[in-house]
Amino acid sequence: MRLWPAHVDVITLFVEDVARSKAFYANVFELETVYEDANSAVVRFDNLIVNLLDATQAPELIAPAAVAPAGSRFQFTVSVEDVDAACRELAGLGVALLNGPMDRPWGIRTAAFADPDGHVWEFAQD
């Protein structure tokens, strides 16, 4: 028997400008801020909380690990009904795509974009 649940409740993203990131998530995903202090803003998807934390506060959270300087090492995926329509909506919000829309060999249609700090998001359609 496992001692922990099999789901993720909160993801913390280290960001350079909390206000800029908060505005991005409010604009793109229409998320409300559910908590805010001098170093973070917390937004909620249906089943996931995302903590946008000032990167200067990150070292104390993850010590002795180092905060990565740049580049993405993960991607978040959000299922949508119509990737092409979602991309048109992103374009209307001034969000540039990293790639796509494209049909993947494993049977889904995807498009990727990044938040202001380079965290990569993907829209995916069956």
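Me: Before we go on, what are the ground rules?
Reply: This is a predicted model, so local features need pLDDT of at least 70 and side-chain atom pairs count only at pLDDT 80 or more, while totals for chains, interfaces and linings use all residues. Residues are numbered from 1 along each chain as its sequence is written, and side-chain values use heavy atoms, with hydrogens and water left out.

Me: Back to H3. Which residues are buried there?
Reply: H3 covers residues 83–92, and Val-83, Ala-86, Cys-87 and Leu-90 are buried in it. Buried means under 20% relative accessible area, exposed over 50%, partly exposed in between (1.4 Å probe, protein chains only).

Me: Why do they line one face of the helix?
Reply: Looking down the axis of H3, the buried residues fall within an arc of 100 degrees, so they line one face. The arc is taken from the directions from the helix axis to the C-beta atoms.

Me: And which exposed residues sit on the face turned away?
Reply: Arg-88, Glu-89, Ala-91 and Gly-92.

Me: What covers the buried residues of H3?
Reply: The cover includes helix H1 (18–29) and strands S6 (97–103), S7 (109–114) and S8 (120–125).

Me: What happens at the start of H3?
Reply: A side-chain oxygen of Asp-82 comes to within 3.0 Å of the backbone nitrogen of Asp-84.

Me: New topic: the largest nonpolar core. Which residues touch the most other members?
Reply: Tyr-25, Phe-29 and Phe-113, out of 24 residues in that core. A nonpolar core is a set of buried Ala, Val, Leu, Ile, Met, Phe, Trp, Tyr and Cys residues joined through side-chain atoms within 4.5 Å.

Me: Which element gives the most to this core?
Reply: H1, with five residues.

Me: What does Tyr-25 touch?
Reply: Leaving out residues up to four places away in sequence, Tyr-25 touches Leu-13, Glu-30, Leu-31, Val-43, Leu-52, Asp-115, His-119 and Trp-121. Contact means heavy atoms within 4.5 Å.

Me: How many aromatic pairs are there?
Reply: Ten. Rings of Phe, Tyr and Trp (its six-membered ring) pair if their centres lie within 6.5 Å; planes under 30 degrees apart count as stacked, over 60 as edge-to-face and the rest as tilted. The Tyr-25 and Phe-29 rings have centres 5.9 Å apart and planes at 25 degrees, so that pair is stacked. Those two are four residues apart in helix H1, about one helical turn.

Me: What about Phe-113 and Phe-123: how far apart are the ring centres?
Reply: 5.0 Å, with planes at 55 degrees, so the pair is tilted. Phe-113 is in strand S7 and Phe-123 in strand S8, ten residues apart. Both are buried.

How values were computed: A polar contact is a pair of N or O atoms within 3.5 Å; within protein, one must be able to donate a hydrogen and the other to accept it, and residues adjacent in sequence count only if both atoms are side-chain atoms.
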